[in-house]
Amino acid sequence: MDKKWLPLAITLGVAGVAVVAASFWPDDVEKPPLPQSLCHGALSRATAELIDDGQGGGEVSAGAWESKGGPTDSAVFKECHVLRAGQDGAKRRGVYKLVVEETRSAPGMKKDSVPLGSGFTGWALPDRAEVTLPTGCAGRMGSAAPHITASLEVPSQDEERLYRRGEKPPVDPDTATRDNVTVMREVATRLAERYDCADTD
């Protein structure tokens with residue numbers, strides 16, 4: 001990204017508008033319209049709306065924070081914040097965060113978590129989830145690390161936080177876990193397709 005655009009990209013990310021860096025997209029893939037590009041195509045709009053914080057509201061949007069990749073000049077975005085407008089359509093609040101980053105090892109299973117299912121390496125809980133992209137994705141995304149991992153955080157389902165506040169989860173934990181599984185499977189699938197690095201075994 002041209003340095004002169006960096007302050008604008010940071011401003012847009014903080015404001016909750018999806019930021020798309022031209023260098024992130026492979027040259028042979030059509031760039032989607034800005035409103036539909038939920039954190040660089042990792043999420044479809046339907047799946048972005050799937051996770052609920054129990055507060056209702058309207059339009060879903062997203063803001064992304066990016067980090068440059070390696071010599072291929074690709075960009076691996078670090079954080080994707082999914083926001084939802086209030087019922088009045090004005091004030092936006094964070095619903096969940098998706099982090100995509102390079103890692104040295106694939107994630108192990110967390111206690112009481114459920115697997116993501118056949119073809120996916122990862123796990124899900126009501127408030128968190130993690131998936132490792134196929135092996136070839138790291139290089140295609142401009143990283144020298146052996147793995148790229150996507151992790152999900154859903155603050156509204158955090159058991160410790162809810163316990164401290166004496167509150168019940170806004171969504172049934174089993175439903176929340178299933179929703180997180182769906183989100184992470186889509187993230188892994190869409191990014192692997194975007195970078196043409198899906199496992200062929």
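**Close-up views of a predicted single-chain model**

From the N terminus on, the elements of the chain follow the order α-α-β-β-β-β-β-β-α-β-α-α. The model is predicted, with local features requiring pLDDT of at least 70 and side-chain atom pairs counted only at pLDDT 80 or more, whereas totals for chains, interfaces and linings use all residues. Residues are numbered from 1 along each chain as its sequence is written, and side-chain values use heavy atoms, with hydrogens and water left out.

**View 1. Overview of the chain.** The chain contains 5 helices and 7 strands; helices (H or I, at least four residues) and strands (E, at least two) are DSSP runs numbered from the N terminus. Of its 201 residues, 45% count as buried, where buried means under 20% relative accessible area, exposed over 50%, and partly exposed in between (1.4 Å probe, protein chains only). The accessible surface of the chain is about 10800 Å², and 51% of this belongs to carbon and sulfur atoms; areas come from the Shrake-Rupley method with a 1.4 Å probe, and for residues only the protein chains shown count as cover. Among contacts (heavy atoms within 4.5 Å) between residues at least 6 apart in sequence, 58% join residues at least 24 apart.

**View 2. Strand E6 and its two antiparallel partners.** Strand E5 (residues 121-124) and strand E6 (residues 128-132) run antiparallel and are joined by 4 bridges; strands pair if DSSP finds at least two bridges between them. With 3 residues between them, E5 and E6 form a hairpin. E6 is also joined by 5 bridges to strand E7 (residues 147-153), again in antiparallel fashion. Ala-129 in E6 stands opposite Ala-124, and its bridge partner in E7 is Leu-152.

**View 3. Surroundings of Val-131.** Val-131 lies in strand E6 and counts as buried because its relative accessibility is 0%. Leaving aside neighbours within four places in sequence, Val-131 is in contact with Leu-116, Thr-121, Gly-122, Ile-148, Thr-149, Ala-150, Met-184 and Ala-188. Phe-120 is 11 residues from Val-131 in sequence, and the two C-alpha atoms are 7.1 Å apart.

**View 4. Ser-44 in a loop.** Ser-44 is placed in the loop between helix H1 (6-15) and helix H2 (45-48). Its relative accessibility is 18%, so Ser-44 counts as buried. The side chains of Ser-44 and Thr-47 are joined by a polar contact of 3.1 Å; such a contact is a pair of N or O atoms within 3.5 Å, and within protein one must be able to donate a hydrogen and the other to accept it, with residues adjacent in sequence counting only if both atoms are side-chain atoms. Beyond residues up to four places away in sequence, Ser-44 touches Leu-38, Glu-186 and Arg-190.

**View 5. The largest nonpolar core.** Of the 36 residues in this core, Leu-43, Tyr-96, Leu-98, Met-184 and Val-187 touch the most other members. At least two residues each come from strand E1 (60-68), strand E2 (75-85), strand E3 (92-103), E6, helix H3 (137-140), E7 and helix H5 (173-194). H5 supplies the largest share, 7 residues. A nonpolar core is a set of buried Ala, Val, Leu, Ile, Met, Phe, Trp, Tyr and Cys residues joined through side-chain atoms within 4.5 Å.

**View 6. Helix H5 and its ends.** H5 has 22 residues and reaches 31 Å from its first C-alpha to its last, close to the expected 32 Å, a span defined as 1.5 Å times one less than the number of residues. Asp-172 caps the N-terminal end of H5, with a side-chain oxygen 3.1 Å from the backbone nitrogen of Asp-174. Asp-196, whose phi is positive, near 50°, follows H5.
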